[in-house]
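User: Hi! I am new to reading protein structures, and I would like to learn how to read one step by step. Could you walk me through this example?

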Amino acid sequence: MQEKLSKYDAPQKAKALGVYPYFRKIESDQDTEVLINGKKVLMFGSNSYLGLTNHPKIKEAAIAAIRKYGTGCAGSRFLNGTLDIHEELEHRLAKFVGKEEAIIYSTGFQVNLGVVSCVTGRGDYILWDELDHASIIEGRRLSFSTPVKYRHNDMQSLEDQLRNCNPDKVKLIVTDGVFSMEGDVANLPEIVRLAKQYNAAVMVDEAHGIGVFGRDGRGTCDHFGVTDDVDLIMGTFSKSFASLGGFIATDKVTANYLRHNSRSYIFSASITPASTAAVGAALDIMESEPERIANLWDVTNYALEGFRRIGCEIGNTCTPIIPLFIRDNEKTFRVTRDLFDEGIFVNPVVSPAVAPKDTLIRFSLMATHTRAQVDVALEKIEKCFKHLDIIK
C-alpha cells in the first residue's frame, strides 16, 4: 500500500516550487484580518459570511454550555447523546427555515452523506447538478439508487433526464442553493416546477445560502418563495452560524425515517454542547441584527463592481463567493502565493477539484469586511494578475 501511495507527490512538487498553498497556520481568531507566521493578512478565504466567529455573545454561550454539560456527549444521538439543547435547537431551526422538523448532525458533510444515501432505494433515481458539493456526490455514491447527472444549472438538461426516468419510481433532485466555488445560485423556481411536473422530490443544500439570502438569512428557498415546495432543506453550522455541525429540515414522516435509518446520524457522536449553544446564539444575532446581512450585500456588490472594473473574469456569481478564473493550474498556485506575500489570503481551486481549464481563486466576503479592505484587495489582485498576464 505504501509503495502505491508514495507515487502521489503533487504536494512535494508544489512545496519545492514554493507555491504550496494549503494548511496555512492561523494564529488568531477568524476575522477580516488574521495572523499567520506573525504577519497580518487580510482574510478573503473564509466562509464566515456574517463575521460571527469571534462574536462575544457566541463565545459566552459556548463557554456556558461547557460549564453545564461538559465538552462532549460521549455517544450518538440515537443512544446516550441527546441533550435538551439539541432538541431546543432543532425546534428553532425547523421554525426558522419553515419546516415541520429538523435533525442536527455532527457535520454538514455527514448531513448530505446520511440523507442522500438513504432516502431513495433500488430502482429509484438521484438527479444531481454536476457542480454539487462533494458531500452530495459521496452520498449518492453510497445510495443503491441510479445516479443521474445534469449539466450545471441547465434546466433543459434536468428535464431531459427527468423524462428518461421511470415515472413510477422515486426521483430526488439534489442541488446546492448557492454553489460553493462558482458563487452562482440554483434556479429553484424552475427546479420546483419541473419536480411537480415529473413527480419528483427536491433537496436543497443551503450551506452557503443561509445567512446570505432570504428573510433574516433564511436561505435561497425563502428568497425564491419555494420553501413549501422543497422537501428537504439542508444547512451547515460552519459558515454563517460560526460553529460546527449541520442539519436537515423536512416533514415529520421523512424526519422519522431519517432518525432511524441515516447511518451518519445514528453511528456518529453528537454535536458538542459548545457547538450547539454557539449555533443558538448565532441564530439570535441573525434574527436581531438584520444590518449584518445588509452590510454583507453592500460590500459584496462593491467588490463585484470592482472586479468587473479591473477586468477579472468572475463568471455568473451574484453572491459573496466571487470566483476569479485563472484557467491554469500553475498560475493559480503562483498568484495565490504572490497575493499572500502582498498580505491577501485567498483560496486556490485547482484540478482535480475542477478541470484545468476552470481553475480559479475563490474570493469570499464577510459582513464585517469594509470597503477600504476590499480596495486594498482589488489593488493587490490587479497588480498580481497583471504581473502574470491574467488580466491586461
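Analyst: Happy to! Helices (H or I, at least four residues) and strands (E, at least two) are DSSP runs, numbered from the N terminus. This is a predicted model, where local features need pLDDT of at least 70 and side-chain atom pairs count only at pLDDT 80 or more, while totals for chains, interfaces and linings use all residues. Residues are numbered from 1 along each chain as its sequence is written, and side-chain values use heavy atoms, with hydrogens and water left out.

User: Is Asp132 buried or exposed?

Analyst: Buried means under 20% relative accessible area, exposed over 50%, and partly exposed in between (1.4 Å probe, protein chains only). Asp132 has 5% relative accessibility, so Asp132 counts as buried.

User: Which residues does Asp132 touch?

Analyst: Contact means heavy atoms within 4.5 Å. Not counting residues up to four places away in sequence, Asp132 touches Ile137, Val174, Thr175, Asp176 and Phe179. There is also a polar contact, that is, a pair of N or O atoms within 3.5 Å; within protein, one must be able to donate a hydrogen and the other to accept it, and residues adjacent in sequence count only if both atoms are side-chain atoms. Here the side chain of Asp132 reaches the backbone nitrogen of Asp176 at 3.1 Å.

User: How do S4 and S5 pair?

Analyst: Two strands pair if DSSP finds at least two bridges between them. S4 (residues 125-129) and S5 (residues 146-150) have five bridges, in the parallel sense. To get from S4 to S5, the chain passes through helix H6 (residues 134-142), and this β-α-β crossover is right-handed. Right-handed means that, with the strands pointing away from the viewer, the path from the first strand over the helix to the second runs clockwise.

User: Which residues of H6 are buried, and what do they pack against?

Analyst: Ser135, Ile136, Ile137, Gly139 and Arg140 are buried in H6. The buried residues of H6 pack against H5, S4, S5, S6 and S7.

User: What is the order of the strands in the sheet of seven?

Analyst: The order in this open sheet is S3-S9-S8-S7-S6-S4-S5, with mixed pairing. S3 and S5 stand at the edges with a single partner strand each, so one side of each has no neighbour in the sheet. On average, neighbouring strands of this sheet are turned by 20° against each other, direction ignored. Helix H8 (residues 188-197) packs on the sheet and touches S5, strand S6 (171-176) and S7; the direction of H8 makes about 175° with that of S6. For such angles, axes are lines fitted to C-alpha atoms, for helices over the stretch in contact, and angles run from 0 to 180 degrees between N-to-C directions.

User: Which way do the side chains of S9 point?

Analyst: In a regular strand the side chains alternate between the two faces of the sheet. In S9, Gly246, Ile248 and Thr250 point one way, Phe247 and Ala249 the other way, and all are buried. S9 runs antiparallel to S3, with five bridges joining them, and also antiparallel to S8, with four bridges. Ile248 in S9 is the bridge partner of Ile103 and also of Met234.

User: Where does Asp231 lie, and how accessible is Asp231?

Analyst: Asp231 is in the loop between helix H9 (220-224) and S8. With a relative accessible area of 33%, Asp231 is partly exposed. The side chain of Asp231 reaches the backbone nitrogen of Val202 at 2.8 Å. Asp231 and Met203 are 28 residues apart in sequence, and their C-alpha atoms are 5.9 Å apart in space.

User: Where is Ser106, and which backbone atom does the side chain of Ser106 reach?

Analyst: Ser106 lies in the loop between strand S3 (101-105) and helix H5 (108-116). The side chain of Ser106 reaches the backbone oxygen of Ala269 at 2.3 Å. Leaving aside neighbours within four places in sequence, the contacts of Ser106 include Leu244, Gly245 and Ser268.
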